[in-house]
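This briefing goes through one structure by topic. Please look over the sequence and the model before reading the points below.

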Amino acid sequence: MRKRFSYRRLLSLSVALCLMAFLFMAELQGWMAHHIATPWDKLVHASVYGLLSGLLGWGMVTYHRFWRLLVLMAILGMAHEWFQSYLPGRTSSVWDWSADVGGSLMVLILLALSKRKEESTQGQLYQSP
């Protein structure tokens, strides 16, 4: 059974798209260049991509398709690193990309576990004795 329109899904998708657009526009404007020290930038990468994954995953109905979202986030992280390689003063890194994927993976695992638990408790509520 498919859910119809949901404001929660629309809100999470809208905020995620705005955050993605902000990331790319901030790169173009040079706002992100060299503001964060080297070991801490990986934490920022993981946090931002974790937030994006959380926003997109929050709007999903079931936990069964989270792997698709992880692949999408990996492709987006790769595109972001590729985009950075063409900007003056910026470099792309496999380590930054792996931090992106790692942050997404951690958040999606937590979301999948919570949605799975939510679905199992809902199933118990509707069972007849």
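Buried means under 20% relative accessible area, exposed means over 50%, and partly exposed covers the range in between. K42 has a relative accessible area of 26%, so K42 counts as partly exposed. The model is a predicted one. The points below cover its salt bridges, its nonpolar core, a surface patch and an aromatic pair.

**Salt bridges**

- The structure holds two salt bridges, and D41, K42 and D96 are linked in a network of such bridges.
- One of them joins the side chains of K42 and D41, with an N to O distance of 3.2 Å.
- The other pairs K42 with D96, where the closest N and O atoms are 2.7 Å apart.
- Because K42 belongs to helix 2 and D96 to helix 4, this pair ties together parts that are 54 residues apart in sequence.
- Is D96 buried or exposed? D96 has 7% relative accessibility, and therefore counts as buried.
- D41, a residue of helix 2, has a relative accessibility of 16%, which is under the 20% limit, so D41 is buried as well.
- Leaving out residues up to four places away in sequence, D41 touches I36 and D96.

**Nonpolar core**

- In soluble globular proteins, nonpolar side chains tend to be buried together.
- The largest nonpolar core here has 16 residues, and those with the most contacts inside it are L52, F66, L69, M73 and L76.
- Which elements give two or more residues to this core? They are helix 1, helix 2, helix 3 (66-85) and helix 4 (94-125).
- F66 touches G57, M60, L108, L111, A112 and K115, when residues up to four places away in sequence are not counted.

**M20 and its contacts**

- M20 lies in helix 1, and its relative accessible area of 16% is under 20%, so M20 is buried.
- With residues up to four places away in sequence left out, M20 touches L52 and L76.
- M20 and L76 are 56 residues apart along the chain, and their C-alpha atoms are separated by 9.1 Å.
- Both contacts of M20, L52 and L76, are listed among the residues with the most contacts inside the largest nonpolar core.

**Surface patch**

- I36, W40, L43 and V44 form a nonpolar patch on the surface.
- Together these four residues have about 410 Å² of accessible area.
- Where is I36 found? I36 is in the loop between helix 1 (7-29) and helix 2 (38-58).
- The relative accessibility of I36 is 43%, which lies between the limits of 20% and 50%, so I36 counts as partly exposed.
- I36 is also one of the residues that D41 touches.

**Aromatic pairs**

- A pair of aromatic rings is described by the distance of the centres and the angle of the planes.
- The structure holds two aromatic pairs.
- One of them is formed by W82 and Y86, with 5.1 Å centre to centre and 75° between the planes.
- This pair is edge-to-face, because planes over 60 degrees apart are classed that way.
- W82 and Y86 are both exposed.

Methods: Residues are numbered from 1 along each chain as its sequence is written. This is a predicted model: local features need pLDDT of at least 70, side-chain atom pairs count only at pLDDT 80 or more; totals for chains, interfaces and linings use all residues. Side-chain values use heavy atoms; hydrogens and water are left out. Patches are made of residues with over 30% relative accessible area and no salt bridge: like charges are joined within 9 Å, nonpolar side chains (Val, Leu, Ile, Met, Phe, Trp, Tyr) within 5 Å. Accessible areas come from the Shrake-Rupley method with a 1.4 Å probe; for residues, only the protein chains shown count as cover. Helices (H or I, at least four residues) and strands (E, at least two) are DSSP runs, numbered from the N terminus. Buried means under 20% relative accessible area, exposed over 50%, partly exposed in between (1.4 Å probe, protein chains only). Contact means heavy atoms within 4.5 Å. A nonpolar core is a set of buried Ala, Val, Leu, Ile, Met, Phe, Trp, Tyr and Cys residues joined through side-chain atoms within 4.5 Å. Rings of Phe, Tyr and Trp (its six-membered ring) pair if their centres lie within 6.5 Å; planes under 30 degrees apart count as stacked, over 60 as edge-to-face and the rest as tilted.
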